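Please examine the sequence and structure shown here before reading the report.

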Amino acid sequence: MARIGSLPAGGPVAATTRQTSAQARTGGRRGGWTLRGLVLLFLVLMLVYFVIPLFWLVVSATKTNDELFSTFGLWFAPDFHLLQNLHDVFTYDDGIFVTWLTNSAYYAVVSALGASLIATLAGYAFAKLSFPGRELAFAIILGTIMVPNTALAIPTYLLLSKVGLVNTPLAIILPSLVTPFGVYLMRVYAEQALPDDLLDAARVDGASEWLIFWRIALRLLAPGFVTVLLLTFVGTWNNFFLPLVVTNNPAYYPLTVGLANWNQLSQAFSGSRILYTLVITGSLISVVPLIIGFLFLQRYWQGGLTFGSLRS
Amino acid sequence: MIPSQDMAKHSQAEARQQAIEIQELAAPASRLPSALRFWRGWRRQVVIPYLFLLPFLLLFSFFLLVPLLYALWTSFFVERLIGGMTFVGWQNYQEVLRDGNFWEGVRNVLLLLFTQVPLMLGLSLLLALLLDSQIVRLKTIFRLGYFLPYAIPSVIGALLWGYLYSAHIGPFAQLAELLHWPPPPFLSAAGLLPSIANILTWQWTGYNMVILYAALQAIPPELYDAARVDGASGWEIARRIKIPLIAPALVLTVVFSIIGTLQLFNEPQIMTAIVPNLIQDHYTPNLYAYNLAFTNQQYNYAAAVSFVLGAVVFVFSYVFMLVTYRRGQR
């Protein structure tokens with residue numbers, strides 16, 4: 001994947017030695033320590049800014065409702081209430097949270113698998129097959145990246161309700177399968193990762209286009225496939241607007257809509273403050289899989305964000 | 001794309017085409033009747049590529065093109081108690097253009113666009129440059145830490161900051177109380193927009209930084225050598241070499257920010273639950289369209305609002321790209 005960004009291999013390493021020696025020569029050392037210290041201080045402060053809300057979330061998930069009000073937010077209370085809170089979240093309202101969690105996982109997995117396969121097929125065709133209307137079709141697809149999502153969600157809702165699909169999983173999954181950006185990424189990726197000679201050799205050997213795609217192309221496109229998979233998974237897991245519009249039955253809510261609903265309830269009836277801990281602990285649970293995924297699949301999302309921008 | 005690359009690509013494609021044609025000529029296909037040959041060519045050049053595209057094009061049509069056209073269609077109608085659906089032409093659009101609520105929403109998102117977006121992208125650029133420079137170690141930790149908020153669903157981000165802003169359980173208010181200060185007015189009429197701007201900055205700075213950082217890493221280090229020999233400082237190199245070279249990536253982040261900010265919805269929607277009397281149903285144009293459609297059932301008018309918003313988004317992105325393109329030409 002690093003190659004895709006056309007990074008010269010070993011470039012950064014070579015650069016380091018060159019630059020440190022250059023710095024020494026030009027007297028970068030003079031006053032360098034205070035500058036270095038200030039920069040480091042700034043970077044650490046920024047790190048605190050970005051991470052502290054999540055720290056607050058972790059700390060607060062271990063507190064009771066009363067302790068949320070009576071103890072300082074950025075440190076733990078004397079007693080540890082996380083297990084009780086988890087129990088409350090999973091059992092409240094007959095365990096509706098479990099339904100939302102499963103819904104989110106189900107929507108995200110199916111959408112991500114489907115969308116990345118569809119985008120790979122299309123991106124491969126755009127990159128490696130020539131056909132009439134190719135550039136026009138691609139331009140139209142790219143153009144739709146700019147369409148506001150309300151302009152889309154409201155008519156999608158009306159059309160889905162006409163065919164009786166509102167309040168079904170399909171109402172969330174089917175629209176999520178369309179990723180113009182994924183097609184764009186796969187096209188760029190396939191252009192760079194698939195040598196034409198290889199495909200032509202297979203053609204000369206008499207392999208059908210279909211066989212070439214499944215046996216040769218898909219294997220070489222795997223890193224791009226995973227990138228689109230990851231981005232679509234996150235996109236669907238985090239999606240709020242579409243499910244908000246196309247479902248009004250809590251049994252079909254994903255986590256985002258469900259938690260927003262709990263939040264609304266907890267704010268509306270300030271008497272039932274138990275919902276505060278539910279929202280906080282529920283938020284923590286819904287964030288954890290994504291953070292783990294991002295940490296472990298770094299090179300894929302970084303590649304995805306990168307090769308979108310490098311080709312201008 | 002660079003022209004020479006394009007040409008190389010072109011000739012490559014031609015050579016490929018020739019190879020395939022020769023192969024087909026050599027194959028028994030040459031002895032086949034011409035109708036069958038025609039079919040084979042057609043199959044290879046049209047049928048098979050479109051079969052690959054079929055799943056995407058089908059879904060794309062059903063869930064993008066058709067809804068868009070349908071929304072456009074409905075935006076020209078009005079639902080009347082007597083007479084039902086009536087075609088009214090541009091009337092809904094004329095109404096949107098005169099609608100104070102719509103423009104108030106536009107004003108809010110434009111305020112964010114001209115204050116929050118430059119601040120956020122400036123911060124992203126600064127962080128990317130610092131992490132790209134040789135002064136900093138442990139880059140991975142900083143990069144991951146800054147990027148982490150992007151992994152949080154924006155709904156959760158808004159909920160989280162809603163609690164942090166709270167005058168009761170928020171740590172800022174608690175600190176203020178400790179010091180006998182009044183609680184900071186995050187959720188007041190005047191503080192609301194800056195509070196939302198902060199949520200957006202928190203969530204998106206790292207994402208933009210990663211894009212810019214990747215572009216910086218792709219610059220061949222040889223380019224810095226000449227400048228170093230001339231005694232250029234790190235800041236001069238950043239200003240004269242690095243920033244101009246990553247201009248395409250910067251343009252990309254600006255365009256994405258324009259599109260995202262003008263369509264703002266999740267954060268104000270969540271804030272509505274927390275401070276219901278501060279956020280009107282038309283706080284942003286997207287929120288307005290949503291409430292028109294699903295609270296007031298005014299689907300036709302909501303569609304018109306969405307399209308005018310789409311036009312505003314298009315104009316701003318397009319004008320921005322035009323301006324930067326012109327500058328690049330000079």
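## Overall composition of chain A

The model is predicted. Chain A contains 15 helices and zero strands. Of its 312 residues, 54% are buried. Among the contacts in chain A with a separation of 6 or more, 73% join residues 24 or more positions apart.

## Packing of H4 and H8 in chain A

In chain A, helix H4 (residues 82-128) packs against helix H8 (residues 180-193) at an angle of about 50°, and their axes lie 7 Å apart. H4(A) and H8(A) are therefore oblique to each other. The crossing of H4(A) with H8(A) is right-handed.

On the H4(A) side, the contact includes A:Ala119, A:Tyr124 and A:Phe126; their partners in H8(A) include A:Val183, A:Met186 and A:Arg187. By class, the residues of this contact comprise eight nonpolar, three polar and three charged.

## Positive phi angles in loops

A:Asn167 is a residue other than glycine with a positive phi, near 65°. A:Asn167 belongs to the loop between helix H6 (149-162) and helix H7 (169-176) of chain A. Because buried means under 20% relative accessible area, A:Asn167 counts as buried at 19%.

In chain B, B:Gln297 likewise is not a glycine, and its phi is positive, about 60°. The loop that holds B:Gln297 runs between helix H13 (285-294) and helix H14 (299-329) of chain B. With a relative accessible area of 49%, B:Gln297 is partly exposed.

How values were computed. Residues numbered from 1 in each chain as written. Chains lettered and ligands numbered in written order. Predicted model: local features only at pLDDT ≥ 70, side-chain atom pairs only at ≥ 80, totals over all residues. Heavy atoms only, no water. Helix = DSSP H or I, 4+ residues; strand = E, 2+ residues; numbered from the N terminus. Buried < 20%, exposed > 50% of the residue type's maximum accessible area, 1.4 Å probe, protein only. Contact = heavy atoms within 4.5 Å. Axes fitted to C-alpha atoms, helices over the stretch in contact; angles between N-to-C directions. Parallel < 35°, antiparallel > 145°, perpendicular 65-115°, else oblique. Left-handed = near helix turned anticlockwise from the far one by under 90°. Nonpolar A, V, L, I, M, F, W, Y, C, P; charged D, E, K, R; others polar.
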